[in-house]
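This report concerns the sequence and structure displayed below.

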Amino acid sequence: MILDNAVAIAQSRRGHFAEGSYAGRAHVLMERSLMAFKNSAWLAVLSGFFEPVLYLLSFGYGLGHLIGKIPLQNGHVVTYAAYIAPGLLATSAMNGAIYDSTWNVFWKLKFDRIYQGMLQTSLGSVDVALGEIGWALLRGFAYAIGFMCVVVPAGLITNWWAIMAIPAAVLIAFGFASIGMAITSCFTTFQQMDFINVAMLPMFLFSGSFYPLTVYPGYLQGILKALPLWQAIEMVRDFTLGIVTWGILWHVLYFVVMVIFGVTATAKRLTKLFLR
Amino acid sequence: MTNSEVLIEAKQLIKRYGDFTAVAGIDFQVRKGESFGFLGPNGAGKSTTMRIIAATLTRSGGEITILGKDPEKFGPEIKAHLGVVPQMDNLDNALTVEENLYIYGRYFGLSKAFIRPKIEELLDFAQLVEKRSVKVEALSGGMKRRLTIARALVSEPEILMLDEPTTGLDPQARHILWDRLFRLKEQGVTLLITTHYMDEAEQLCDRLMVMDKGSIMAEDSPAGLIKSYSTKEVLEVRFGSDRNAVVAPQLKELCERIEVLPDRILMYADDGEELLHQLNQKGLHPLTSLVRRSSLEDVFLRLTGRTLID
């Protein structure tokens, strides 16, 4: 039945899960993002697709020419391009999610006051958190598909497990977007936002996209392995290179925890900001 | 009017932020179809009260019900009853005028089929038909306000809440906005308005609550307030900034009450012209003089000893 009365719609949520903070309408936030995307944001989204492709061309084929083949733990040998491709896929899923959930969110929070506008309607903070994070997740999904369309014809993928890299990229985007939005909702100045950039670049360079962590001393390896990007790269790499063990589930669990923590923290923070 | 249904009822409503008390135990009722105003200077507690009603701020004490419901228990439902026009515009700059109306309806869970014809009606009401495909950023301040009001009406709310609706607008834009609000009032929409402009309060409100420092100073119709707290007319005189204080004691003897402001003296009397005549007879010749009707500004001055806009 279609209810077309705002009050009746809100009343129909009585007794539902988290009725005060969740109206079951996260999808309308995605509808909004789609409209905004059509209006202008598509260029920024497109650039996120080219970034890993350019890295792949430069490092994979340029530098890879000097490096030659890479031996894997399971005894197989792969080209350098095939070795870094999963790292780049994981990184692009992360970057898309982080861009959406940090700068975009910061702008909407501080200057356009869009979340304030949403929360003065019968939408709840959980709807807003899930809807915004959901859009970042869609973006991760699109990047993963786009990147696959490049690496599969290039012959860098040789096994069927690689298809799992797509849901893995979605999970990675989900995790990063959740945490990114939670952190951004605590920030109030541009200077604080710069911390995000400061944290992202070294993580990208040193988390094992371009070479294995075994080049580092043990304690540094431990630190890097605790970071989400290493977890992401390992998960995607295991799938694209076909090294599938139960161990992958640990990476999955890592991101599931990130998502739960991030969504909860974001919803709490939005409630604190706009519905004290 | 007095017999109609009570939509909002507050009893001893309190809001504290740490040691600071923003709303200090106020009581009021708003009835269906009424245009109710909170008049007071910045920091009087008007916006805080509005936010408590709109279920976006929790109270520290007292009771409040909106259509019989407690906003802390039925937040989403209360918000569905209300149309909110905040003090600072929070339109969606990434979207066009039309899209702003559309998506706002979607936030309430309304269907496309319901919203589409509604958009046409609201664009017409807000006089923004030609701007429908324009991005919000490109609109003037007055247009943005009209769009914000139109947006608040998309869910057909029972109560429209306007927080300082014309602050920052030029006189022409203000008059257009007042005209639109007047139409809503005629249609029977219950309006809740905060303002620190007395002309706005006089134009739009049937009943006013004068607030200062979180408390209610008085409550009545604009005309009733003026009648109770001021004389019919006011004579404004200037003797120059040095002499104002010197002549003040002499002026005090001539009328009911005077107020010495930094730049002028206000003399309260039922016949301003007659008072000016007496002044001249006494040999007190002000540099400038003006006789006007009493306004809410005078009421406020009487109640708080301060002017509305400092």
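## Basis of the model

This is a predicted model, in which local features need pLDDT of at least 70, side-chain atom pairs count only at pLDDT 80 or more, and totals for chains, interfaces and linings use all residues. Residues are numbered from 1 along each chain as its sequence is written, while chains are lettered from A and ligands numbered from 1 in the order in which they are written.

## Chain B

The C-alpha trace of chain B spans about 75 × 45 × 40 Å along its principal axes. Eleven helices and 13 strands are assigned to chain B; these are DSSP runs, with helices H or I of at least four residues and strands E of at least two, numbered from the N terminus.

An automatic or database domain assignment divides chain B into domain 1 (6-220) and domain 2 (231-293). The C-alpha centres of these two domains of chain B lie 40 Å apart.

Of the 310 residues of chain B, 47% count as buried, that is, with 20 or more other C-beta atoms within 10 Å of their own C-beta, placed from the backbone.

## Nonpolar cores

A nonpolar core is a set of buried Ala, Val, Leu, Ile, Met, Phe, Trp, Tyr and Cys residues joined through C-beta atoms within 7 Å. The largest has 149 residues, and A:A169, A:I172, A:A173 and B:M161 have the most contacts inside it. Helix α3 (residues 80-110) of chain A supplies the largest share of this core, 17 residues. Apart from this core lies another of 14 residues, including B:F239 and B:Y268.

Note on methods:
Buried ≥ 20, exposed ≤ 12 C-beta atoms within 10 Å, placed from the backbone.
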